[in-house]
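Subject: Handover of a structure for your review

Dear colleague,

Please find below the structure that I am passing on to you. My notes on it follow directly after.

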Amino acid sequence: MRLTILGGYLGAGKTTWLRHQLFSGALSDAVVLVNEAARTPVDDALLKSVSCVLSGGCACCDGRADMIAALRDLADQKSQGRALAHVVLETSGLADPGAIIAAVQDDPVLVHHVRFDPIRVVVDALHGLAQLRDEPLARRQVASADILTLTKCDSASPVELARLVATLRSLNPDADLGFSELGRDVAPPDLPDARPEVLPHLAEEGPPPVPMRLTVPPGTDWSALSVWLSALLHARGDDLVRVKGVVRTPAGRLLLQTVRRIVQRPEILPEDSAAQDNVLIFIGRGFTHDELERSFARFVLGED
Amino acid sequence: MCNACGFPARPGVWTEAGSETAMDKMRAQLMQGAVINRLLRPYGLMASDGGHVPGIQLSTLTGATTIVDDLPSLWEEVERQLGRPLDPIVAVR
């Protein structure tokens, strides 16, 4: 069963987006789980087809056991023959999507049942920049996204929006970027040129993670690359927020994605998909681009 | 399900993706062993993967050997023995 994780900071517009997607029929086959950090659920009043509300604890920490139990229950129902192909988990605004993926992959039952869809994180066009400035969590959410959806685009001025887009690009250059108004996807607006905001250093975070590009020479052995990467993630998983890219292997084009120490099962992509082969994006801190390239050359390519 | 121990089979390590034929798998296993040893050499450790023993055998220069299940457990065991994680970045500094 496919699991879509819908994340985003408190009040970013997750429920509005989901509500419109359900209304328009785009997620008509999906079962929806809603997680709320507060004990009093509100969002289920807005969403009619919610199968389960997990309130009183964020799914990535306090409410983890509840979330795992709810997903196991769905997996069980599917095994008993219920047509159930797609689950959407709306996380609480305080959840770190990476931690949820880790929890699901650590579960010995769910790991056999769940396949992850791209992680969608919604970002508030009005307050997103302020949240990124002050909240390490908001930065972590953005860095772990595969798809970033900007909400409330009609309320922000083009200059503000352009600045936010540039900042998001600097935090996560690889994610697909979409725009929405009241949950409806809209065409990208014409934006003026803008420079990314220089985000202040937060005590909790250490220096901000920097995106780095690693070009993998054609013919590089996948096992060599993956063994090196597994050692790197083991040693530096806390600092290596995200690795993403497509690598050509004998079995086909493999999509490689990690969120901190967690590696999603590599997926084989069709030959005609748009992603560029043999380029990996690392978003991390505590090492330089040059050190990364030298380590890769020495251990993967075997150069001295 | 493993019929010897009764535990559900683990889903395999992500690094094992990418091999299709038996030949690819064998090549991948040999390459994995070569890269593990390249990473371990500066620390005076060796590993051997394959042969009759399941899992990966990690040995010190004195010959003391530990058998671990898979790659993630190998890095954990190396970290336990060294007292710090094996860091491929520090090695090139």
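What percentage of the contacts in chain B with a separation of 6 or more is accounted for by residues 24 or more positions apart? Such residues account for 18% of those contacts. Please bear in mind throughout that this is a predicted model.

**The two chains**

The corresponding value for chain A is 74%, taken over contacts between residues at least 6 apart in sequence. Chain A has 304 residues, and 45% of them are buried. In chain B, which has 93 residues, the buried fraction is 22%. The secondary structure of chain A consists of nine helices and 15 strands. For chain B the count is two helices and three strands, and these elements follow the order α-β-β-β-α from the N terminus.

**The sheet of chain B**

The strands of chain B form an open sheet of three, ordered β1-β2-β3 and paired in the antiparallel sense. Strands β1 (45–49) and β3 (65–68) of chain B are at the edges; each has a single partner strand, so one side of each has no neighbour in the sheet. On average, neighbouring strands of this sheet are turned by 25° against each other, direction ignored. Four bridges connect β2 (residues 56–60) of chain B with β3(B), again antiparallel. Within β3(B), the residue opposite Leu58(B) is Thr66(B).

**The contact between the chains**

Chain A contributes 31 residues to the contact, and chain B contributes 27. On the side of chain B that touches chain A, the elements giving two or more residues are α1 (22–40) and α2 (71–82) of chain B. Helix α1(B) supplies the largest share of that side, namely eight residues. Sorted by class, the side of chain B that touches chain A comprises 18 nonpolar, four polar and five charged residues.

As a general point, nonpolar side chains tend to be buried together in soluble globular proteins. In this model, the largest nonpolar core has 95 residues, and Val142(A) and Trp228(A) are those with the most contacts inside it. Helix α8 (residues 222–236) of chain A gives this core its largest share, nine residues. Leaving aside residues up to four places away in sequence, Trp228(A) touches Phe296(A), Phe299(A) and Val300(A), and also Val35(B) and Pro88(B) of the other chain.

**Strand β11 of chain A and its partners**

Strand β11 (residues 240–249) of chain A is largely enclosed by the rest of the structure, because nine of its 10 residues are buried. It is joined to β15(A) by six bridges, and the two strands run antiparallel. Here Arg242(A) stands opposite Ile283(A) in β15(A). Strand β11(A) is also joined to β12 (residues 252–259) of chain A, in this case by seven bridges and likewise antiparallel. A hairpin of two residues leads from β11(A) to β12(A). Gly252(A) in β12(A) is the bridge partner of Thr249(A).

**Individual residues in loops of chain A**

- Asp146(A) is located in the loop between α6 (136–143) and β7 of chain A. This residue counts as buried because it has 21 C-beta neighbours inside 10 Å, where the cut-off is 20 or more. Its C-alpha atom is separated by 5.1 Å from that of Ile119(A), although the two residues are 27 apart along the chain. Not counting residues up to four places away in sequence, Asp146(A) touches Pro118(A), Ile119(A), Ala175(A) and Asp176(A).
- Lys152(A) is found in the loop between β7 (147–151) and α7 (158–171) of chain A. Its phi is near 60°, a positive value in a residue other than glycine. With 22 other C-beta atoms within 10 Å, Lys152(A) is buried.
- Asn278(A) also has a phi near 60°, positive in a residue other than glycine. Asn278(A) lies in the loop between β14 (267–269) and β15 (279–284) of chain A. Is Asn278(A) buried or partly exposed? Asn278(A) counts as partly exposed, because it has 17 C-beta neighbours inside 10 Å.

With kind regards

Terms used: Residues are numbered from 1 along each chain as its sequence is written. Chains are lettered from A and ligands numbered from 1 in the order in which they are written. This is a predicted model: local features need pLDDT of at least 70, side-chain atom pairs count only at pLDDT 80 or more; totals for chains, interfaces and linings use all residues. A residue is buried if 20 or more other C-beta atoms lie within 10 Å of its own, exposed if 12 or fewer, and partly exposed in between; C-beta atoms are placed from the backbone. Two residues are in contact if their C-beta atoms, placed from the backbone, lie within 7 Å. Ala, Val, Leu, Ile, Met, Phe, Trp, Tyr, Cys and Pro count as nonpolar, Asp, Glu, Lys and Arg as charged, and the others, Gly among them, as polar. Two strands pair if DSSP finds at least two bridges between them. Axes are lines fitted to C-alpha atoms, for helices over the stretch in contact, and angles run from 0 to 180 degrees between N-to-C directions. A nonpolar core is a set of buried Ala, Val, Leu, Ile, Met, Phe, Trp, Tyr and Cys residues joined through C-beta atoms within 7 Å.
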